[in-house]
Amino acid sequence: MNCLLLAAEHNTPFNYFPLALQLVIAVGFVVIMMVVTHLLGPKRKTGDKLINFESGIPSVGNARQPMGIKYFLVAILFVLFDVEVIFFYPYAVNFKFLGTEGFLEVVLFVAFFLCGFIYIVKRGALDWEE
């Protein structure tokens, strides 16, 4: 009972001062940076300042046309199979401890991913031709 009273006595509003100070500093930093960039930033609103800059190359065509998804699909597949390789490290570290049962589980794990790889190859996910 005395422990609860002692804990309640030490829980004062001053204990939250570091948290409040950090919050004030963070908000203050954001406000100061926004004011400084507004004061020091460009003032001219001419046509050449308002256009998008894309590495110095003038844009061609409509920006709202649909974009091919092949690149993103390959990127996601890369991440998927990269994660598979990451899971091999704990198995390699514990290879002797896991024994035959662990080996069979890893073979099953690889078989599932191999089935997925065969599926995406048959579906043409890695074909770059349009």
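Helices α4 (residues 70–86) and α6 (residues 95–123) have axes that come within 11 Å and cross at roughly 165 degrees; axes here are lines fitted to C-alpha atoms over the stretch in contact, with angles running from 0 to 180 degrees between N-to-C directions. That makes α4 and α6 roughly antiparallel to each other, a label for angles over 145 degrees. The model is a predicted one, in which local features need pLDDT of at least 70 and side-chain atom pairs count only at 80 or more, while totals for chains, interfaces and linings use all residues. Residues are numbered from 1 along each chain as its sequence is written, and side-chain values use heavy atoms, leaving out hydrogens and water.

On the α4 side, L77, L80, F81 and E84 make the contact, meeting F109, V110, F113, F117 and I120 of α6 (contact means heavy atoms within 4.5 Å). Sorted by type, these residues come to 8 nonpolar, no polar and 1 charged.

Now for the core. The largest nonpolar core has 5 residues, namely L77, F81, F113, I120 and A125; such a core is a set of buried Ala, Val, Leu, Ile, Met, Phe, Trp, Tyr and Cys residues joined through side-chain atoms within 4.5 Å. Two or more of its residues come from each of α4 and α6. Neighbours within four places in sequence aside, A125 touches K70, L73, V74, L77 and I120.

Zooming out, the protein chain has 6 helices and 0 strands (DSSP runs of at least four residues, H or I, for helices and at least two, E, for strands, numbered from the N terminus). Of its 130 residues, 8% are buried, meaning under 20% relative accessible area with a 1.4 Å probe, protein chains only.

Definitions and conventions: Parallel < 35°, antiparallel > 145°, perpendicular 65-115°, else oblique. Nonpolar A, V, L, I, M, F, W, Y, C, P; charged D, E, K, R; others polar. Buried < 20%, exposed > 50% of the residue type's maximum accessible area, 1.4 Å probe, protein only.
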